[in-house]
Amino acid sequence: MKVAERVRETPPSGIREFFELAEAADDVISLGVGEPDFSAPWAAREAAIDALERGRTSYTANRGRADLRRGITDHVARYDLDYDPEKEVLVTTGASEAVDLAMRALVDPGDTVAVPQPSYISYGPTAGFAGAEVLPVPTRAEDGFKLTERALREAGAADADALIYCYPNNPTGAVMDHADLRPVAAFAREHDLTVFADEIYAALTYGSEHDSIATLPGMAERTVVIGGFSKAYAMTGLRLGYALAPPEAVEAMTRIHQYTMLSAPTTAQFAGLEALRSCEGAVSEMHAAYDRRRRYTLSRFREMGLDCFEAEGAFYAFPECPGDDEAFAEALLAEEGVAVVPGSAFGEGGAGHLRVSYATGMDDLREATARIERFLD
Ligand code: PMP
């Protein structure tokens, strides 16, 4: 059967490709996947079970249940984000759908979307599916992988129409605070860029609280904040996320969502509401575990002599590796059975690094780092 050109032109995900290799091998420790090793907190799972028992198996409103939308706006108030649950929230099937909708509803074919790299792998392809051109904006290890005004300017982002980024960052673990975001916001205002701020890792910062670009002057009206339940609440398989944006943007995204998705999974919406209501304790425990593993992984890489940037968010370490990162990752998998993702899978600026997820148990992390050390020797 004929496959559409825009799909043929989109390469398969470098991460997936790697996982297929890893799955085929025996005794592999995977530090590859970007998902929590925990299950969703019990209270959230119980709310899902209860919803099923009560037969709550219908669609919800296109925008998501009203109580969940209110729960989300109350939740993000902790980051000083102020949104109207009636008009400025859309509940989506994972943050992934929110990214896709933002691209398709707010970017025209032929527009340019600036994508700081290394970054999460879905931004380029979703921009492409929307018919837009991607402008890579390399970020640098010397800048702690933060997005700078200089990087935007040098890449030619002044002529772009939109900018999408994630901080806390996948794959580097970099975070950006208000001081870092201010020049980016000024650039976006000056050059009239729409900003898609993927803040799915907002709850996973290890120094200071998360800062959102949408709280800076003149930014809420040009920003879509994307969030979700997959990471902080360990709910990847439940597929629940959201977009926060001005009413006209939410209206536009809902226009697509109502035809293509109808509503986000109902069972997940019940779980998500309960997660927001009662699972702070469970989130803190997972957060503390990630922080311990973060410090352990960083110190182990430094002991091995690998240059490793101190990640302050998400659950990834991003050490430099000797030689070609793809060859390194392949050999590490073949010889020692440790799966990590080559940094170049995340675009320009990622080469020469490895993304190592520490969302995995301490025992595996100890064994995997011992194997990496042996491999380096
Ligand atoms: N954004 C980022 C930065 C991510 O790392 C991920 C998951 N790996 C997603 C979005 C997708 O999240 P979801 O499961 O909510 O679709």
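Reader: Which strands does helix α4 lie across, and at what angle does α4 run to β2?

Author: Helix α4 (residues 66-76) lies across β2 and β8 and runs at about 110° to β2. Axes here are lines fitted to C-alpha atoms, for helices over the stretch in contact, and angles run from 0 to 180 degrees between N-to-C directions. Helices (H or I, at least four residues) and strands (E, at least two) are DSSP runs, numbered from the N terminus. Residues are numbered from 1 along each chain as its sequence is written. The model is predicted: local features need pLDDT of at least 70, side-chain atom pairs count only at pLDDT 80 or more, and totals for chains, interfaces and linings use all residues.

Reader: In what order do the seven strands of the open sheet stand?

Author: Strands of a sheet pair through backbone hydrogen bonds, parallel or antiparallel. Two strands count as paired if DSSP finds at least two bridges between them. Here the order is β2-β8-β7-β6-β5-β3-β4, with mixed pairing. β2 (89-92) and β4 (133-138) stand at the edges; each has a single partner strand, so one side of each lacks a neighbour in the sheet. Neighbouring strands are turned by 20° against each other on average, direction ignored.

Reader: In which sense do β7 and β8 pair?

Author: Antiparallel, over four bridges, between residues 223-228 of β7 and 241-244 of β8. Gly228 stands opposite Gly241 in β8.

Reader: Which residues of strand β12 are buried on each side?

Author: In a regular strand the side chains alternate between the two faces of the sheet. In β12 (residues 354-357), Leu354 and Val356 are buried on one side, Arg355 and Ser357 on the other. Buried means 20 or more other C-beta atoms within 10 Å of the residue's own, with C-beta atoms placed from the backbone.

Reader: What are the bridge partners of Val356 and Leu354?

Author: Val356 partners Ala317. β9 (residues 316-317) pairs with β12 in the antiparallel sense over two bridges. Leu354 partners Pro342. β11 (residues 341-342) also pairs antiparallel with β12, over two bridges.

Reader: Which domains does the assignment give, and how many residues are in contact?

Author: Domain bounds come from an automatic or database assignment. It gives domain 1 (5-40 + 281-376) and domain 2 (43-278). Contact means C-beta atoms, placed from the backbone, within 7 Å. 34 residues of domain 1 are in contact with 38 residues of domain 2. On the domain 1 side, α2 (14-24), α11 (280-303) and β9 each supply at least two residues. The largest share, six residues, comes from α11.

How values were computed:
Two residues are in contact if their C-beta atoms, placed from the backbone, lie within 7 Å. A residue is buried if 20 or more other C-beta atoms lie within 10 Å of its own, exposed if 12 or fewer, and partly exposed in between; C-beta atoms are placed from the backbone.
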